[in-house]
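Subject: Structure handover

Hi,

Here is the structure I promised you. Please open it next to this message; my notes follow below.

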Amino acid sequence: MAAEQPQEVKSKVEKVDSEESWDLFTTHADDRGCPVFVHFGASWCVPSLAMNTCFEELANSYEDILFLSVDVDEVKGVASRMEVEAMPTFVLMKHGAVLRKMVGANPEEMRKMIQGYVQSICPATTSE
């Protein structure tokens, strides 16, 4: 029997498993002035599952943003509080305020949403 390989890379997406962990993650991000990008999905929702890889790639690219994953069936209170009505829903927030919200599985629009935010806070990011 082959030995299990250790995981080389830990996910940079934090899984929210309770309202308490949501409050902890978001409060900690607020204290640091860190924006939060949240993927609201469900284990039975194929479009949500399809977006996981793209969401993980973004988490690896934007280290100054906290990426959270919320299963709406496991943490209904947070989904309700954030007015999530369809999956997947992506919410970009800072200091508890929703900056941008996107509903649907569209990797390109999700990338544009986060890139637009980053450019709005760091407009001079060209390196020519």
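The accessible surface of the chain comes to about 7,900 Å². Carbon and sulfur atoms hold 51% of that surface. Keep in mind that this is a predicted model. Of the 128 residues, 36% count as buried.

Overall layout

The chain has four helices and five strands. Along the sequence they follow the pattern β-α-β-α-β-α-β-β-α. Among contacts with a separation of 6 or more, 67% come from residues 24 or more positions apart.

The sheet

The five strands form an open sheet with mixed pairing. Their order is β1-β3-β2-β4-β5. On average, neighbouring strands are turned by 25° against each other, direction ignored. β1 (13–16) and β5 stand at the edges. Each has a single partner strand, so one side of each is left without a neighbour in the sheet.

β4 and β5 (residues 97–103) run antiparallel and are joined by six bridges. T89 has V103 in β5 as its bridge partner. F90 stands opposite M102 in β5. The two strands form a hairpin with two residues between them. In that turn, H95 has a positive phi of about 55°.

α1 lies across β1, β2, β3 and β4. It runs at about 165° to β3. α2 also lies across β1, β2, β3 and β4. For α2, the angle of about 165° is to β2.

The cores

Nonpolar side chains tend to be buried together in soluble globular proteins. Which residues have the most contacts inside the largest nonpolar core here? They are W22, V38, F40, V70 and M82, in a core of 20 residues. The elements giving two or more residues to this core are α1 (19–32), β2 (36–41), β3 (66–71), α3 (76–81) and β4 (89–94). A second, separate core has 17 residues, including V13, C54, F55 and A59.

W22 deserves a look on screen. Leaving aside neighbours within four places in sequence, W22 is in contact with V16, V38, F40, L68, V70, V78, R81, M82 and M93.

Is T26 buried or exposed? T26 is found in helix α1. Its relative accessibility is 9%, so T26 counts as buried; the cut-off for buried is under 20%. Not counting residues up to four places away in sequence, T26 touches L68 and M93. A polar atom of the T26 side chain lies 3.4 Å from the backbone oxygen of D23.

Now take D64, in the loop between α2 (46–61) and β3. D64 has 67% relative accessibility and therefore counts as exposed, as the cut-off there is over 50%. D64 touches C34 and P35, again not counting residues up to four places away in sequence. D64 and V36 are 28 residues apart in sequence. In space they are 9.2 Å apart, C-alpha to C-alpha.

Then turn to the β4–β5 hairpin and find H95 in the turn.

Best wishes

Notes
Residues are numbered from 1 along each chain as its sequence is written. This is a predicted model: local features need pLDDT of at least 70, side-chain atom pairs count only at pLDDT 80 or more; totals for chains, interfaces and linings use all residues. Side-chain values use heavy atoms; hydrogens and water are left out. A nonpolar core is a set of buried Ala, Val, Leu, Ile, Met, Phe, Trp, Tyr and Cys residues joined through side-chain atoms within 4.5 Å. Buried means under 20% relative accessible area, exposed over 50%, partly exposed in between (1.4 Å probe, protein chains only). Contact means heavy atoms within 4.5 Å. A polar contact is a pair of N or O atoms within 3.5 Å; within protein, one must be able to donate a hydrogen and the other to accept it, and residues adjacent in sequence count only if both atoms are side-chain atoms. Two strands pair if DSSP finds at least two bridges between them. Axes are lines fitted to C-alpha atoms, for helices over the stretch in contact, and angles run from 0 to 180 degrees between N-to-C directions. Accessible areas come from the Shrake-Rupley method with a 1.4 Å probe; for residues, only the protein chains shown count as cover.
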